[in-house]
Amino acid sequence: MYQGTVMLDLTGKTAVITGASRGIGKEIAIKFAKQGANIAFLHYMDADNAAATEKELNELGIKAKGYECNVADFEASQAAVEQIITDFGEVHILVNNAGIVRDMLILKMKEADFDAVISVNLKGAFNMIKALYQHFMKKRRGRIINISSIVGLTGNAGQANYASAKAGMIGLTKSVAKELGVRNVTANAIAPGFIKTDMTDGMPEKAREATLAAIPMGRAGLVDDIANTALFLASDEASYITGEVIRVDGGLAM
Ligand code: NAI
C-alpha cells in the first residue's frame, strides 16, 4: 500500500527549546516530540513544571532532558548548550521562546523593569544563537525559530520594554538569516497575538476583554496554533523560508 511521504517529520533531529516548562514552549516541545524529535529544553525558576514536562516528553518515546538555565546569563547559556551537545550530539533546531513581561506605562516603568525584559527576551535569544552559531555553521544546517510578538510590529501602550525586545528579536532574526543563509541555516520569527497561557491569564480582566473584542476571528489563540507554525518552520518542508515573520494572531495585527 502506498504510504505517502511523512509530512513534517523530525525523526532523528534534536531541538533546543527555551522556556519549555509550560505554556507555548511546552506545547512546541510536545509537538516536536510527537514528530520524532529529541528535546533539550531550558527552564528557569519553574522546577516542578519542568520535571513534569521532562516526564511527559520521555513518555513519548524520544530522548528529553530539562536544563535549569537563565537565558539572560551569557556564561550560563553557553555552558547549558555545551552540556546539551555533550548529552545529545548534533543540535538541529533552536527555538527561542523564553520570555517575561513587566507591563506598565513608561511613566511608572523603572530602569530595572526595562532591563529585565530586554535581558531575558532579546539578549536571551542572542545568547542562545551565539552558543549554537558555530555548531550550525560547521554542520551546514540549522533552524532558528524566534518567538516574537505582534506588539513587536505594532507597539503597545504599557509594554515599551516588551515591544522593544520583541521588535529587536525581529531585527536579530533577519540579521542571523543574512549571516547564515549561505550555510543552509534558516532563521524565522513567529509573532503570536493573544494566546491563552499563564502569561495572558495574568492580564487585567479589562485589558483581556478589550483585546479579545479586537480579534477578527473572535477568539484567543491556543498554544497549539503557535506550536503548529513552529513545527512547519522546523520541518524540511520549510527549508527555503528564511528571515520571515509569521503572525499567528487570528487577524489581530493586520
Ligand atoms: P509563560 O510565562 O507561560 O512561559 C514562559 C517560559 O519561559 C516558562 O517556561 C519560564 O520558565 C521560561 N522563562 C522565563 N524566564 C526565563 C529565563 N530567564 N531563562 C529561561 N527561561 C525562562 O509564557 P508563554 O505565554 O508561554 O509565552 C512564551 C513566549 O511567547 C514568550 O516569549 C512570550 O513573550 C511569547 N508570546 C506570548 C503571547 C501570549 O499571548 N501568551 C503572545 C505573544 C508572544
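Helices, as named in these legends, are DSSP runs (H or I, at least four residues) numbered from the N terminus, and their axes are lines fitted to C-alpha atoms over the stretch in contact, with angles running from 0 to 180 degrees between N-to-C directions. The model is predicted, so that local features need pLDDT of at least 70 and side-chain atom pairs count only at pLDDT 80 or more, while totals for chains, interfaces and linings use all residues. Residues are numbered from 1 along each chain as its sequence is written, and side-chain values use heavy atoms, with hydrogens and water left out.

**View A. Helix 1 against helix 2.** Helix 1 packs with helix 2 (residues 47–58) at an angle of about 15°, their axes being 10 Å apart. Helix 1 is therefore roughly parallel to helix 2, a description given to angles under 35 degrees, whereas those over 145 count as roughly antiparallel, 65 to 115 as roughly perpendicular and the rest as oblique. The crossing of the two is right-handed, meaning that the near helix is turned clockwise from the far one by less than a right angle. Lys26, Ala29, Ile30 and Ala33 of helix 1 meet Thr53, Glu56 and Leu57 of helix 2, where contact means heavy atoms within 4.5 Å. By class, this contact has four nonpolar, one polar and two charged residues (Ala, Val, Leu, Ile, Met, Phe, Trp, Tyr, Cys and Pro count as nonpolar, Asp, Glu, Lys and Arg as charged, and the others, Gly among them, as polar).

**View B. Helix 1 against helix 9.** The axes of helix 1 (residues 23–34) and helix 9 (residues 223–234) come within 8 Å and cross at roughly 50°, which makes helix 1 oblique to helix 9. Helix 1 passes helix 9 in a right-handed crossing. Gly23, Ile24, Glu27, Ile28, Lys31 and Phe32 are the residues that helix 1 brings to the contact, and helix 9 supplies Val223, Asp224, Ile226, Ala227, Asn228, Ala230, Leu231 and Ala234.

**View C. Helix 4 against helix 6.** Helix 4 (residues 111–139) and helix 6 (residues 160–180) pack at about 15°, with axes 8 Å apart, and are therefore roughly parallel to each other. Their crossing is right-handed, and by class the contact has 16 nonpolar, four polar and three charged residues.

**View D. Surroundings of the ligand.** The ligand is surrounded by 28 residues, of which the closest are Ser21, Arg22, Asn97, Tyr162 and Thr197; a residue is near the ligand if one of its heavy atoms lies within 4 Å of it. An oxygen atom of the ligand is 2.7 Å from an N or O atom in the side chain of arginine 22. For polar backbone atoms, the distance from a ligand oxygen atom is 2.8 Å at isoleucine 195 and 3.4 Å at glycine 193.

Definitions and conventions. A polar contact is a pair of N or O atoms within 3.5 Å; within protein, one must be able to donate a hydrogen and the other to accept it, and residues adjacent in sequence count only if both atoms are side-chain atoms.
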